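Welcome, and please open your viewer.

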Amino acid sequence: MKIVDFWFDPACSYTWVTSRWMLEVAKVRPVELRWNLLSLSALNEHRDDDPEGDPEGYLWIPARICAAAEQRYGKQALGRLYTTLAPRLQRHDWDGVPTALTEAGLPEDLVTAGESTEYDDALRASTAAGIALVGPHIGTPVIACGGTAFFGPVLSQIPRGEQAGLLWDGTLLVAATPGFHELKGVPHEEPAFTL
């Protein structure tokens, strides 16, 4: 069984699709996912521009809630919360955040972490750890497995079953090739945000 570290920002819809692909991979390949946070807010906080189009800083809120969940209850709890929280974020259902916490088996009072800076240092450290594996020119997701790390893949649809496994095999092969840096496909489409 190989450990696969997956860094994500809970509000990124393309990352959601990639995370669901990784859950499919875990069904057909001997991998175990370990969830990590990569906050786009923390990544971009010292930039002059706003690549995420987030002038009010709302992206900090779900990342902080996730950081609090991880710090208090561990990485498996973080993964459960991501599964229940991200669909609500895509629908802009902020009122559903307490329900997402409950569905993940976590206390609703974690919602208060969204307005606190208590977990920001941990969030920055996790972001820095993910970025250090690939470089500052990327975003989320970052995936690391057995000494190979990469940004992406950026997917708009979730590959299922053996198709998911084949994409995993190919992605690892390409990413582990000495000298490999980047691969892009045709312009993306909006993510199919399904479970």
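Start by selecting Met22: setting aside neighbours within four places in sequence, Met22 is in contact (heavy atoms within 4.5 Å) with Val4, Phe6, Leu33, Ile143 and Trp168. A word on what you are seeing: this is a predicted model, where local features need pLDDT of at least 70 and side-chain atom pairs count only at pLDDT 80 or more, while totals for chains, interfaces and linings use all residues. Residues are numbered from 1 along each chain as its sequence is written, and side-chain values use heavy atoms, leaving out hydrogens and water.

Together with Met22, they touch the most other members of the largest nonpolar core, which has 47 residues. Such a core is a set of buried Ala, Val, Leu, Ile, Met, Phe, Trp, Tyr and Cys residues joined through side-chain atoms within 4.5 Å. Buried means under 20% relative accessible area, exposed over 50%, and partly exposed in between (1.4 Å probe, protein chains only).

Now pick Leu38, Ile131, Val142 and Ala144, which are among the six residues of a second, separate core.

Last stop: select Glu24 and Arg160. Their side chains meet in a salt bridge (3.3 Å, N to O), a term for a side-chain nitrogen of Lys or Arg within 4 Å of a carboxyl oxygen of Asp or Glu. The two residues sit 136 apart in the chain, Glu24 in helix H1 and Arg160 in the loop between S4 and H7; helices (H or I, at least four residues) and strands (E, at least two) are DSSP runs, numbered from the N terminus. Is Glu24 buried or exposed? Glu24 counts as buried, at 8% relative accessibility, whereas Arg160 is partly exposed at 36%.
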